[in-house]
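Me: I have a structure open and want to talk it through. Can we take it piece by piece?

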Amino acid sequence: MRKKVIAANWKLYKTPKETRDFFLAFLPHVQGHTRDEIVVCPPFVDIFAAVVAVQASDIAIGIGAQDLYWRSEGAFTGEVSAPMLRGAGCTHVIIGHSERRQHFGETDDSVNAKLKSALLAGLVPIVCVGEVIEEREAGLTEEVLRRQCTRAFAEIAAEDARPITVAYEPVWAIGTGRTATPELAAEAHRVIRSEAAKAFGQTAAAQLRILYGGSVKPENAAALMAEEEIDGALVGGASLDPKSFAAIVKYQG
Ligand code: PEP
């Protein structure tokens, strides 16, 4: 049985003060909740506030970044590396989100480089894959997912792959209010799992957690989480409000 992960992606929202306010309101809602793992990925400048807020509580919540650079250090102005994130108290990092692929030139190869550096630093990577609407309508979803996974997983040894988490995020469902049906998501998750099996073997693939992302809300969380192939959620918009994110975390199966 794979433990589910409910992760928040705050994108470009919240200041450090708003981060502190979020946790003040959120933590009491999830006190004693141990069914699933909870992760919050704020902007870089909010990581310190988030780590302090969580450490001051007795609730296990992972804090993640939304991106990283694959070099550890050097003349790379504006970048943040995996060891720096670890040093700042991060446990997780999102890699290859579709917004980074779309607006910031992220490629399958940079995803692979970032994945390797995250693993080396001991971070839990949440690798995002997913098709755009044109690819789905052209019947290319499987091909796109296979390509994204093969390239992301390239040259990573099975024994190093254990922490990898994948988020299937159909781009047409992100921030649109259009959610994939649990069946459609499960179909995509099986493709991803079969690529993981090719790269890392059957045992590792069976343990791989594959989250669904794309307009997850308190109203649809339970139906999505009931699907056996869905090992959690990556939540954007609905994670910004403490009550709404808590309601997703505590979906009733
Ligand atoms: C995301 O940002 O990863 C995401 C899934 O966003 P939303 O939940 O707003 O669709």
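Me: Let's start with Arg 100. Is it buried or partly exposed?
Reply: Arg 100 is partly exposed, because its relative accessible area is 24%. Keep in mind that this is a predicted model.

Me: Which residue does Arg 100 form a salt bridge with?
Reply: Asp 67. The closest N and O atoms are 3.0 Å apart.

Me: How many salt bridges does a search of the whole structure find?
Reply: It finds 18.

Me: What about Asp 36? Which side chain does it meet?
Reply: The side chain of Arg 35, in a salt bridge of 2.8 Å, N to O. Asp 36 is buried, at 6% relative accessible area. Arg 35 is partly exposed, at 37%.

Me: Which residues are linked in a network of salt bridges?
Reply: Arg 2, Arg 193, Glu 229 and Asp 231.

Me: Now Asp 46. Which side chain of opposite charge is nearest?
Reply: Arg 20, but it is 7.6 Å away. Asp 46 is buried yet has no salt bridge.

Me: Where is Asp 46, and what is it in contact with?
Reply: Asp 46 is in the loop between β2 (37-41) and α2 (47-55). Leaving aside neighbours within four places in sequence, its contacts are Tyr 13, Lys 14, Thr 15, Pro 16 and Thr 19.

Me: Lys 14 is on that list. What is its phi?
Reply: Near 85°. That is a positive value in a residue other than glycine. Lys 14 is in the loop between β1 (5-9) and α1 (16-30). At 23% relative accessibility, Lys 14 is partly exposed.

Me: What is the phi of Ser 215?
Reply: Near 55°, again positive in a residue other than glycine. Ser 215 is in the loop between β7 (209-213) and α10 (218-225). Ser 215 counts as buried, because its relative accessibility is 9%.

Me: On to the ligand. Which residues come nearest?
Reply: There are 14 residues around the ligand. Lys 11, Glu 169, Gly 175, Ser 215 and Gly 236 come nearest.

Me: How far is the polar side-chain atom of Lys 11 from an oxygen atom of the ligand?
Reply: 2.8 Å.

Me: And the backbone, at Ser 215 and Gly 237? How far is an N or O atom from a ligand oxygen?
Reply: For Ser 215, a backbone N or O atom lies 2.7 Å from an oxygen atom of the ligand. For Gly 237, that distance is 2.8 Å.

Me: How much of the ligand does the protein bury?
Reply: 97% of the 290 Å² that the ligand exposes when taken alone.

Me: Change of topic: α2. Which residues there are buried?
Reply: Ile 47, Ala 49, Ala 50, Val 51, Ala 53 and Val 54.

Me: What do they pack against?
Reply: The buried residues of α2 pack against α1, β3 and α3.

Me: Why would positions three or four apart point the same way?
Reply: An α-helix has 3.6 residues a turn, so residues at that spacing point the same way.

Me: Last one, Ser 57. Where is it found?
Reply: In the loop between α2 and β3.

Me: Which backbone atoms lie by its side chain?
Reply: The backbone oxygen of Val 54 lies 2.8 Å from a polar atom of the Ser 57 side chain. The backbone nitrogen of Ile 59 lies 3.2 Å from a polar atom of that side chain.

Methods: Residues numbered from 1 in each chain as written. Predicted model: local features only at pLDDT ≥ 70, side-chain atom pairs only at ≥ 80, totals over all residues. Heavy atoms only, no water. Helix = DSSP H or I, 4+ residues; strand = E, 2+ residues; numbered from the N terminus. Buried < 20%, exposed > 50% of the residue type's maximum accessible area, 1.4 Å probe, protein only. Lys, Arg positive; Asp, Glu negative; His and termini not counted. Salt bridge = Lys/Arg side-chain N within 4 Å of Asp/Glu carboxyl O. Contact = heavy atoms within 4.5 Å. Near = heavy atom within 4 Å. Polar contact = N/O pair within 3.5 Å; in protein donor to acceptor, adjacent residues only side chain to side chain. Areas by Shrake-Rupley, 256 points an atom, 1.4 Å probe, with all protein chains shown as cover.
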